[in-house]
Amino acid sequence: MRAAVLTKKMEMEIKELSIPSPLENEVIINVKACGICGTDQHIYHGQPGSAPVEYPIVLGHELSGEIARLGEKVTKFKLGDRVSIDPNIYCGECEYCRGNRQHLCENLQAIGVTRDGGMGEYCAVPSSNCYIIPDGISFEEGAMIEPLGCVLHGFSQIKIWPGASVLIVGGGYIGLMMLQMAKMYGAFPIVVSEPDKTKHELAIQLGGDEVITPEELSQHLICFDIVIECVGRKESMEQAVKMAKKGGNILLFGVAAPDMKIEISPFDIFSKELNLKGSFVNPNTHGQAISLVQQGKIQIKPLLSHYFRLEDIPTIMNDYRKMNVMKGIIRYSEKI
């Protein structure tokens, strides 16, 4: 099989690898679609963050495909099943797993991060991490269930109610899924801050009430009940805290560099009684995310801006940050 293999920091090449054999509780996925995530870029550039990465590694934790082989103890799936993959693998034994906070697992493994993932034609996955893709959901949408699951977990971290004013900082792929979630909850108004004006029209189409630039936001006279930061940059995180009204809820969802520091006023947190939250991965939300897409509550297709071939991925990963990509997807041919 062909795979884009990251051999060391910022060095990736297409290699021929053996198709993996499944362990007794695993399946082998014939990958049909794989998203390129900001986390993939962090790993590629040598900033892996919370998960240790050992080279060589096949990246890609947003993936879907067909089951090509079954481990001997797998009974809930059959060959040819169309599945979306939850990449996170928990140990089940540490204090966090036993305390029903599996996503904080001390021994967290992840497909495409600590073990080979979807930037290859085949991928070994525990059967418990597979979810059937319903009819009507494409492989491309199926690959995007994982980030939507992360968004769902983020929303579980904040209090939101019909009529709550919401500011979303960042109008990229994650920000526009956050926008659709806020709309579904009945928030109003929903304001999106996004410097790239080419994304403004789509934000309005998906339910935004106002879209402004960060410069315009800095002059905004109204603060918000809920502020969701989806960028991960120092200035956007600091601005997010400033734009929360008294009693406001702030979700820092964007993935910052591990060594980044931000400046916020503890007095503001005290005097405004702010609720400042983080959000990490997608515990037990994969099935919920599939349901939202199946019902048409969340639109994914308008957010997919670029489609790539596997053989182009080494070049794409090097140039990705300069390409103005909303969301990039690797698409594999139907017959590999």
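1. Let me start with K183, which is partly exposed at a relative accessible area of 39%. For these labels, buried means under 20% relative accessible area, exposed means over 50%, and partly exposed is what falls in between (1.4 Å probe, protein chains only). Keep in mind that this is a predicted model, with local features needing pLDDT of at least 70 and side-chain atom pairs counting only at pLDDT 80 or more, while totals for chains, interfaces and linings use all residues. Residues are numbered from 1 along each chain as its sequence is written, and side-chain values use heavy atoms, with hydrogens and water left out.

2. The partner of K183 is D209: their side chains form a salt bridge with an N to O distance of 3.9 Å. D209 sits in the loop between α6 (200–205) and β13 (210–212) while K183 belongs to helix α5 (residues 173–184), so this pair ties together parts that are 26 residues apart in sequence. Helices (H or I, at least four residues) and strands (E, at least two) are DSSP runs here, numbered from the N terminus. D209 also counts as partly exposed, at 33% relative accessibility.

3. On the cut-off: a salt bridge needs a side-chain nitrogen of Lys or Arg within 4 Å of a carboxyl oxygen of Asp or Glu. How many salt bridges does this rule give? The count comes to 15. As background, side chains of opposite charge can pair when their charged atoms come close.

4. Another pair worth a look is K73 with E24, whose closest N and O atoms are 3.7 Å apart in a salt bridge. K73 is in the loop between β5 (62–70) and β6 (82–85), and E24 is in the loop between β2 (11–16) and β3 (26–36), so the bridge ties together parts 49 residues apart in sequence. E24 is partly exposed, with 34% relative accessibility.

5. E11 and K8 make a salt bridge too, with 3.9 Å between the closest N and O atoms. Both ends get the partly exposed label: E11 at 39% relative accessibility and K8 at a relative accessible area of 44%. Then there's a network of salt bridges that links R2, E121, R309, E311 and D312.

6. Now for the α4/α5 packing. Two packed helices are described by the angle between their axes and the distance between the axes. Helix α4 (residues 145–156) packs on α5 at about 55°, and the axes are 10 Å apart. That makes α4 oblique to α5. The axes are lines fitted to C-alpha atoms, for helices over the stretch in contact, with angles running from 0 to 180 degrees between N-to-C directions. Under 35 degrees counts as roughly parallel, over 145 as roughly antiparallel, 65 to 115 as roughly perpendicular, and the rest as oblique.

7. What does the α4/α5 contact consist of? From α4, P147, L148, V151, L152 and F155 meet Y173, I174, M177, M178, M181 and A182 of α5. These residues split into eleven nonpolar, no polar and no charged. Contact means heavy atoms within 4.5 Å. Nonpolar covers Ala, Val, Leu, Ile, Met, Phe, Trp, Tyr, Cys and Pro; charged covers Asp, Glu, Lys and Arg; the others, Gly among them, are polar.

8. Helix α3 (residues 139–143) has two glutamates to check. E140 lies in this helix and counts as buried, at 17% relative accessibility. Leaving aside neighbours within four places in sequence, E140 is in contact with A33, L304, Y307, I329 and R331. Not counting residues up to four places away, E141 touches G136, V293, I300 and K301.

9. Last, the backbone. Most residues other than glycine have a negative phi, and most peptide bonds are trans.

10. For phi, look at M10, which is not a glycine but has a positive value of about 60°. M10 is in the loop between β1 (2–8) and β2, partly exposed at 36% relative accessibility. V281 has a positive phi near 50° and sits in the loop between β16 (275–278) and α10 (286–294). V281 counts as buried, at 17% relative accessibility.
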